[in-house]
Amino acid sequence: MNGEIDLESYTISLIRINTALQKLEDNQEISEIKTLFEESFDDLEKIYQDTVNDLNQEEVNLNEYYLFFQNGKQMFPQYIEVLDSIENNALEDVLGKLTNVFRNLDKIADAFNQEKENEIRSE
């Protein structure tokens, strides 16, 4: 990933999730909804793995991540809550995986923001 977050993929993933949630609310075809959730999971999991790899490098452009995690601290918990509230046996597996990737991203955002605050205090 070379220190850059794939914001296009992230945005598309969130659009897919929101579309799936709307389709679920409208009682549309579960297989299409499941596909939207699965595609979002695949993209978000890749973003998560790339982020972990990037943040473990010796030289990291933290500014690239600052806004992403600022936004994420608001967005990730909201998606976790919404996805956790869905009760549908056909979607249970993919919803669990999707919720887990949001939890993982949220943990990184917490650690990142804590580290950033510590840097500011020590200046």
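**Exercise 1.** In this predicted model, determine which residues of α1 meet which residues of α3, and how the residues of that contact divide into nonpolar, polar and charged.

*Solution.* Begin on the α1 side, where L7, Y10, L14, I17, N18 and L21 are the residues that meet α3. Then turn to α3, whose partners in this contact are F68, N71, M75, F76, Y79, V82 and L83. Sorting the residues of the contact of α1 with α3 by class gives eleven nonpolar, two polar and no charged.

**Exercise 2.** Work out how the axes of α1 and α3 are placed relative to each other, and in which hand the helices cross.

*Solution.* The axes of α1 and α3, the latter spanning residues 62–85, come within 13 Å and cross at roughly 25°. Because angles under 35 degrees count as roughly parallel, α1 is roughly parallel to α3. As for the hand, α1 passes α3 in a left-handed crossing.

**Exercise 3.** Carry out the analysis for α1 and α2, covering the angle, the distance between the axes, the hand of the crossing and the residues in contact.

*Solution.* Helix α1 (residues 7–25) packs with helix α2 (residues 30–55) at an angle of about 155°, and their axes lie 9 Å apart. Since angles over 145 degrees count as roughly antiparallel, α1 and α2 are roughly antiparallel to each other. The crossing in which α1 passes α2 is left-handed. In the contact, residues of α1 including Y10, R16, I17, L21 and K23 meet residues of α2, among them E32, I33, F37, D43 and I47. The residues of the contact of α1 with α2 divide into eleven nonpolar, four polar and five charged.

Conventions:
Residues are numbered from 1 along each chain as its sequence is written. This is a predicted model: local features need pLDDT of at least 70, side-chain atom pairs count only at pLDDT 80 or more; totals for chains, interfaces and linings use all residues. Side-chain values use heavy atoms; hydrogens and water are left out. Axes are lines fitted to C-alpha atoms, for helices over the stretch in contact, and angles run from 0 to 180 degrees between N-to-C directions. Helices (H or I, at least four residues) and strands (E, at least two) are DSSP runs, numbered from the N terminus. Angles under 35 degrees count as roughly parallel, over 145 as roughly antiparallel, 65 to 115 as roughly perpendicular and the rest as oblique. A crossing is left-handed if the near helix is turned anticlockwise from the far one by less than a right angle, and right-handed if clockwise. Contact means heavy atoms within 4.5 Å. Ala, Val, Leu, Ile, Met, Phe, Trp, Tyr, Cys and Pro count as nonpolar, Asp, Glu, Lys and Arg as charged, and the others, Gly among them, as polar.
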